[in-house]
Amino acid sequence: MAGEPQEDCLFCKIVDGSIPATIVRETETTVAFRDINPQAPTHVLVIPKAHHKDAAALAADAPGLAADVLRETQAVADDEQLESYRTVFNTGSGAGQTVWHAHAHVLGGRGLDWPPG
C-alpha cells in the first residue's frame, strides 16, 4: 500500500535505521543521505520517509510530500554550499531506477554537462 513501509525496500530500511547510511539531513517527512556510489563530489539522495515506488507515484499520491522532497533538495544544496546543482528523479528501470522507493539525487561540485548520460 502506498505510504506504508515495505519489508524488502532498502530505503525503508534506512528510514527505520536497520541499514546504516551517512545521513546529512532529516525532517519529519524526509531523510537525506550520501549516495554509496557517488557520481559527483556531492551526491546526496533525498527520500520521503513514506514509501512510494517512484516520483510519479509520489506526486500523484502525496503532492505535499513531493514538495517536501523538493524543498529538501534545496536545503541540501545550501548545506553543501553548492552554487549550482542538478536534481534528478529516475522513474522506471529504463531511466536507471534501481531502488523502488521515490528519491531525488542532488548532484553538484563539478561541471554537469548536458545532455547527461
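Author: A nonpolar core is a set of buried Ala, Val, Leu, Ile, Met, Phe, Trp, Tyr and Cys residues joined through side-chain atoms within 4.5 Å. The model before us is predicted, and its largest nonpolar core has 14 residues. Those with the most contacts inside this core are Ala32, Val46, Leu58, Val69, Val76 and Val106.

Reader: Which elements each supply at least two residues of this core?

Author: They are strand S3 (42-48), helix H3 (63-79) and strand S5 (104-108). The largest share, five residues, comes from H3. Apart from this core lies another, of nine residues, including Phe11, Cys12, Val31 and Ile47.

Reader: What does valine 69 touch, leaving aside residues up to four places away in sequence?

Author: Valine 69 touches Thr30, Val46, Ile47, Pro48, Leu58, Phe89 and Ala104.

Reader: Why is threonine 30 called buried?

Author: Buried means under 20% relative accessible area. Threonine 30 has a relative accessible area of 1%, and is therefore buried. This residue is found in strand S2 (residues 30-34), and four of the five residues of S2 are buried.

Reader: What makes the approach of threonine 30 to threonine 27 a polar contact?

Author: Such a contact requires a pair of N or O atoms within 3.5 Å, one able to donate a hydrogen and the other to accept it. The side chains of threonine 30 and threonine 27 make a polar contact at 2.7 Å, a value within that cut-off. Beyond four places in sequence, threonine 30 touches Ile47, Pro48, Lys49, Asp68, Val69 and Glu72.

Reader: Is glutamate 4 buried, exposed or partly exposed, and how do you know that?

Author: Under 20% is buried, over 50% is exposed, and partly exposed is in between. At 41% relative accessibility, glutamate 4 therefore counts as partly exposed. Its place is in the segment before H1.

Reader: Why is the pair of phenylalanine 11 and phenylalanine 33 called aromatic, and what makes it edge-to-face?

Author: Rings pair if their centres lie within 6.5 Å, and planes over 60 degrees apart count as edge-to-face. Phenylalanine 11 and phenylalanine 33 are 5.4 Å apart, centre to centre, with 75 degrees between the planes. The structure holds one aromatic pair.

Reader: What does this pair tie together?

Author: Phenylalanine 11 lies in helix H1 (residues 10-16) and phenylalanine 33 in strand S2, so the pair ties together parts that are 22 residues apart in sequence. Phenylalanine 11, at 4% relative accessibility, counts as buried; phenylalanine 33, at 3%, counts as buried too.

Reader: How many bridges join S2 to S3?

Author: Five bridges join these antiparallel strands, and threonine 30 stands opposite proline 48 in S3. S3 in turn pairs with S5 over five bridges, again in the antiparallel sense. Here valine 46 stands opposite alanine 104, and histidine 43 stands opposite leucine 107. Strand S4 (residues 85-88) is joined to S5 by four bridges and runs antiparallel to S5; tyrosine 85 has glycine 108 as its bridge partner.

Reader: In what order do the strands form the sheet, and which stand at the edges?

Author: Five strands form an open, antiparallel sheet in the order S1-S2-S3-S5-S4. S1 and S4 stand at the edges because each has a single partner strand, so one side of each is left without a neighbour in the sheet. The twist averages 20 degrees from one strand to the next. H3 packs on the sheet, touching S1, S2, S3, S4 and S5, and its direction makes about 155 degrees with that of S3.

Reader: What makes S5 mostly covered?

Author: Five of its five residues are buried. On one side of S5 these are Ala104, Val106 and Gly108, and on the other His105 and Leu107, so that both faces are covered.

Notes: Residues are numbered from 1 along each chain as its sequence is written. This is a predicted model: local features need pLDDT of at least 70, side-chain atom pairs count only at pLDDT 80 or more; totals for chains, interfaces and linings use all residues. Side-chain values use heavy atoms; hydrogens and water are left out. Buried means under 20% relative accessible area, exposed over 50%, partly exposed in between (1.4 Å probe, protein chains only). Contact means heavy atoms within 4.5 Å. Rings of Phe, Tyr and Trp (its six-membered ring) pair if their centres lie within 6.5 Å; planes under 30 degrees apart count as stacked, over 60 as edge-to-face and the rest as tilted. Two strands pair if DSSP finds at least two bridges between them. Axes are lines fitted to C-alpha atoms, for helices over the stretch in contact, and angles run from 0 to 180 degrees between N-to-C directions.
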